[in-house]
Amino acid sequence: MKYLGKSKYDSVLLGTALGMGVPIIAFMAYYLIRYTGMNFSAFIRYLNGGGLFLPILSLCCVPNLLTFFIFIWTKRDKSAKGVLGATFVFAIYVCIMKMIGS
């Protein structure tokens, strides 16, 4: 659909927001499914103590792939750019934290 010459839901801001939100939602889903009986702060301490926080955060970015392809398949390239940019932000954060930690 066209709306004043622009495709509906085709903006870098929307893609960036979804690209940042989907991994956070995936992280919360992982917490709720796997560690329901644990307090959230204790869960974070547990992940940090075991060296699992960064690998879990990296895996939580995988659903961005689906979000990215949905935008590509529906010809919403600006939103796909936003998702890709947000994924790079997560990747850079993980890389920096791994360099600092080692």
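Contact here means heavy atoms within 4.5 Å.

1. **Basis.** This is a predicted model: local features need pLDDT of at least 70, side-chain atom pairs count only at pLDDT 80 or more, and totals for chains, interfaces and linings use all residues. Residues are numbered from 1 along each chain as its sequence is written, and side-chain values use heavy atoms, with hydrogens and water left out.

2. **Fold.** The protein has 5 helices and 2 strands. Helices (H or I, at least four residues) and strands (E, at least two) are DSSP runs, numbered from the N terminus. The order from the N terminus is β-β-α-α-α-α-α. The radius of gyration is 16 Å, well over the 13 Å that the globule rule gives for 102 residues, so the protein is more spread out than a compact globule. That radius is taken over C-alpha atoms, and the globule rule is 2.2 Å times the number of residues to the power 0.38. Along the principal axes, the C-alpha atoms fill a box of roughly 50 × 30 × 20 Å.

3. **Burial and surface.** Of the 102 residues, 28% count as buried. Buried means under 20% relative accessible area, exposed over 50%, and partly exposed in between (1.4 Å probe, protein chains only). The protein exposes about 7,000 Å², and carbon and sulfur atoms supply 74% of it. These areas come from the Shrake-Rupley method with a 1.4 Å probe; for residues, only the protein chains shown count as cover.

4. **Contact range.** Among contacts with a separation of 6 or more, 67% join residues 24 or more positions apart.

5. **Ser79.** This residue sits in helix H5. Ser79 counts as buried because its relative accessibility is 0%. Not counting residues up to four places away in sequence, Ser79 touches Tyr9, Asp10, Ser11, Val12, Leu14, Gly15 and Phe71. A polar atom of the Ser79 side chain lies 2.8 Å from the backbone oxygen of Tyr9.

6. **Arg76.** Arg76 lies in the loop between helix H4 (63-73) and helix H5 (77-101). Arg76 is buried yet has no salt bridge (a side-chain nitrogen of Lys or Arg within 4 Å of a carboxyl oxygen of Asp or Glu). The nearest side chain of opposite charge, Asp10, is 6.2 Å away. Lys and Arg count as positive, Asp and Glu as negative; His and the chain ends are not counted. Beyond four places in sequence, Arg76 touches Ser7, Lys8, Tyr9, Asp10 and Phe71.

7. **Leu66.** Leu66 is in helix H4. Its relative accessibility is 53%, so Leu66 counts as exposed. Leu66 and Ser7 are 59 residues apart in sequence and 20 Å apart in space, C-alpha to C-alpha.

Definitions and conventions. Polar contact = N/O pair within 3.5 Å; in protein donor to acceptor, adjacent residues only side chain to side chain.
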